[in-house]
Amino acid sequence: MPIALLLPVLTCVVVLVVSGIAKLRDPDSVDAAFTALDVPAVINTPLVRRLFPWVEIALGVWLLLATGTALVVVALLTLGLFLAYLALDADDITIDVAD
């Protein structure tokens, strides 16, 4: 894989794994984040909040090890997760425009 394509993948791996480990070390932060981001009640369950760090770590490891079609699948899953983060964060962002 060319270095120009490898660096973004490695960056995502580091972000996912470090984030997952941080969440495992402080499970209360996951609860606080889900509350602060107004995560929809359908997915804001204790089971999802406890599995979430493991899913991040698994995605990071899978992204690092995958090749071919599996790499495309995990890249799309990672993109979906990052877009979900963006959508939840963007909902809280307001821009004041002076008239």
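Visitor: Let's start with leucine 51. Is it buried, exposed or partly exposed?
Guide: Leucine 51 counts as partly exposed, because its relative accessibility is 44%. The cut-offs are under 20% relative accessible area for buried, over 50% for exposed and in between for partly exposed, with a 1.4 Å probe and protein chains only.

Visitor: And where is leucine 51?
Guide: Leucine 51 sits in helix α3. Leucine 51 and leucine 24 are 27 residues apart in sequence, and from C-alpha to C-alpha they are 9.5 Å apart in space.

Visitor: Before we go on, what kind of model is this?
Guide: This is a predicted model, where local features need pLDDT of at least 70, side-chain atom pairs count only at pLDDT 80 or more, and totals for chains, interfaces and linings use all residues. Residues are numbered from 1 along each chain as its sequence is written, and side-chain values use heavy atoms, with hydrogens and water left out.

Visitor: OK, so how many helices and strands does the chain have?
Guide: Four helices and zero strands. Helices here are DSSP runs of H or I with at least four residues, strands are E runs with at least two, and numbering starts from the N terminus. As for burial, buried residues make up 21% of the 99 residues in the chain.

Visitor: At what angle do α1 and α2 pack?
Guide: Helix α1 (residues 3–25) and helix α2 (residues 27–36) pack at about 105°, and their axes are 4 Å apart. The axes are lines fitted to C-alpha atoms, for helices over the stretch in contact, and angles run from 0 to 180 degrees between N-to-C directions. That makes α1 roughly perpendicular to α2. For such angles, under 35 degrees counts as roughly parallel, over 145 as roughly antiparallel, 65 to 115 as roughly perpendicular and the rest as oblique.

Visitor: Which residues make that contact?
Guide: Lys23, Leu24 and Arg25 from α1, and Pro27, Ser29 and Val30 from α2. Contact means heavy atoms within 4.5 Å.

Visitor: New topic: how many aromatic pairs does the structure hold?
Guide: Three. In one of them, the rings of phenylalanine 52 and tyrosine 85 have centres 6.2 Å apart and planes at 80°, so that pair is edge-to-face. Rings of Phe, Tyr and Trp (its six-membered ring) pair if their centres lie within 6.5 Å, and planes under 30 degrees apart count as stacked, over 60 as edge-to-face and the rest as tilted.

Visitor: Which helices does that pair link?
Guide: Phenylalanine 52 is in helix α3 (residues 46–65) and tyrosine 85 is in helix α4, 33 residues apart, so to speak a link between distant parts of the chain. Phenylalanine 52 is buried, with 14% relative accessible area, whereas tyrosine 85 is partly exposed at 24%. Ring pairs also link Phe34, Phe52, Phe82 and Tyr85 into a cluster.

Visitor: What about threonine 78, buried or exposed?
Guide: Threonine 78 is buried, at 3% relative accessible area. This residue belongs to helix α4 (residues 68–90). Leaving aside neighbours within four places in sequence, threonine 78 is in contact with Leu16, Leu59 and Leu63.

Visitor: Last one: where is aspartate 38?
Guide: Aspartate 38 is in the loop between α2 and α3. Aspartate 38 is exposed, with a relative accessible area of 53%. Its phi is near 50°, a positive value in a residue other than glycine.
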